[in-house]
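Here is a short briefing to read alongside the sequence and the model.

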Amino acid sequence: MDLLYKTDFFKNEVVDKYQTIYIDEIQDYESEWVTIIKNNFLNQNGEMLLFGDQCQNIYERDINTQKSAIFNGFGHWVKLNRSYRTDNDSQLVDLFEKFRKKYMVKKYQDSEVFEKGEVQYSFKFETIKYLSLTASIKKVKPIYYEIIEHIKSNNIVPNDLVILSSSIELLRNINLLLNVNEKTMVMFETNEEYNQIIGDTSKLSSQEIIDREKVNKNDIEKIRRRKKNYFMPNSGLIKLSTTHSFKGLESPTVFCILLKDDNPEIIYTALTRAKKRLIIFDVEDSQYANFFKLNLVKSDGHV
């Protein structure tokens, strides 16, 4: 499958060519993909611009070597040194930068550094919270109750929030609870759709469930592609998504659920989707627990 996606099927074919080509999220691309686009779709004297963020390299591409797309005839990054999602003096930007410097500078030495003003905690209508919960992928009620409580206490409009995690199973279970009283929009199969495809899993071992998922992978992927195609960020509904699928989008309120095996790129991408409110749930005592406990400042200015 990897070889299939790196094969140039357009070579020697007659295709439309363009004077200008823009590619966003370039950190997700293999260098072969960029070469295929450039060789087949760009006019001889055309311009091709690549946009990306090395710190959002959630697919763990090898972007620090000569094989990287950014070295494939395009040179080094031209750095964006300010945030356009939030104000430069925002405590959100302050948290993003601290996380980036702690976990990513050594790995991505050429990554951008945002300009920051003096953080004015008392004048910003923002919320940043970190909660360590006794919960798991299968036991999500503590997460659900915290989300509902935060929505009610802050009068958050459903359209203004998204719940992000790297685990679809965890998100499915939260969605099941939400759907008792709320309508939601998701980028993955619901529990009902999952059970229709996989069948009753209550008596199956973890390996047996994995095996069934592999056998029915195409049917599951069809549902996910359809949900992504019809996903509307401003649907008026509560949204649930994997961090991978929500990359490139944003929301006024983000509930970010940390898992033990999440890499820094996943966490950084999830955090930076937030525009005003960021609530972080750590359900597996992740490797980032100490960072958030030491660096997170609440909206009232107290640690």
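Let's start with Phe99: leaving aside its neighbours within four places in sequence, Phe99 is in contact (heavy atoms within 4.5 Å) with Met104, Pro264, Ile267, Tyr268, Leu271, Tyr288, Phe291 and Phe292. Please keep in mind that this is a predicted model, in which local features need pLDDT of at least 70, side-chain atom pairs count only at pLDDT 80 or more, and totals for chains, interfaces and linings use all residues. Residues are numbered from 1 along each chain as its sequence is written, and side-chain values use heavy atoms, with hydrogens and water left out.

**Nonpolar cores**

- A nonpolar core here is a set of buried Ala, Val, Leu, Ile, Met, Phe, Trp, Tyr and Cys residues joined through side-chain atoms within 4.5 Å; buried means under 20% relative accessible area, exposed over 50%, and partly exposed in between (1.4 Å probe, protein chains only).
- The largest nonpolar core has 29 residues, and Phe99 is one of those that touch the most other members, along with Leu95, Leu258, Leu271, Leu278, Ile280 and Phe292.
- At least two residues of this core come from each of helix H3 (91-103), strand S3 (127-132), strand S4 (161-165), strand S7 (251-258), helix H10 (264-271), strand S8 (274-282) and helix H11 (289-295). Helices (H or I, at least four residues) and strands (E, at least two) are DSSP runs, numbered from the N terminus.
- Another core, of 26 residues, lies apart from it, and includes Ile156, Leu171, Ile174 and Val186.

**Salt bridges**

- Side chains of opposite charge can pair when their charged atoms come close. The rule used here asks for a side-chain nitrogen of Lys or Arg within 4 Å of a carboxyl oxygen of Asp or Glu, and by it the count comes to eleven salt bridges.
- In helix H3, Glu97 and Arg100 sit three residues apart, about one turn of the helix, and their side chains meet in a salt bridge (3.3 Å, N to O). Glu97 is buried, with a relative accessible area of 1%, and Arg100 is buried as well, at 2%.
- Glu193 and Lys227 form a salt bridge through their side chains (2.9 Å, N to O). Glu193 lies in helix H6 (residues 191-198) and Lys227 in helix H8 (residues 217-229), so this pair ties together parts that are 34 residues apart in sequence. Both Glu193 and Lys227 are buried.
- Arg224 is buried at 19% relative accessible area, whereas Glu221 counts as partly exposed at 27%.
- A network of salt bridges links Arg172, Glu189, Glu221 and Arg224.

**Helix H4**

- The buried residues in H4 are Ile143, Tyr144, Ile147, Ile148, His150 and Ile151. Seen down the axis of H4, they fall within an arc of 165 degrees (taken from the directions from the helix axis to the C-beta atoms), so they line one face of the helix.
- What covers these buried residues includes S3, S4, helix H5 (168-178), strand S6 (238-242), S7 and S8.
- Asn155, which follows H4, has a positive phi, near 50 degrees.

**Confidence**

- The protein has a mean pLDDT (the predictor's confidence in each residue, from 0 to 100) of 84, and 81% of its residues reach 70 or more.
- Over residues 297-303 pLDDT stays under 50, and the model has 14 contacts beyond four places in sequence for them.
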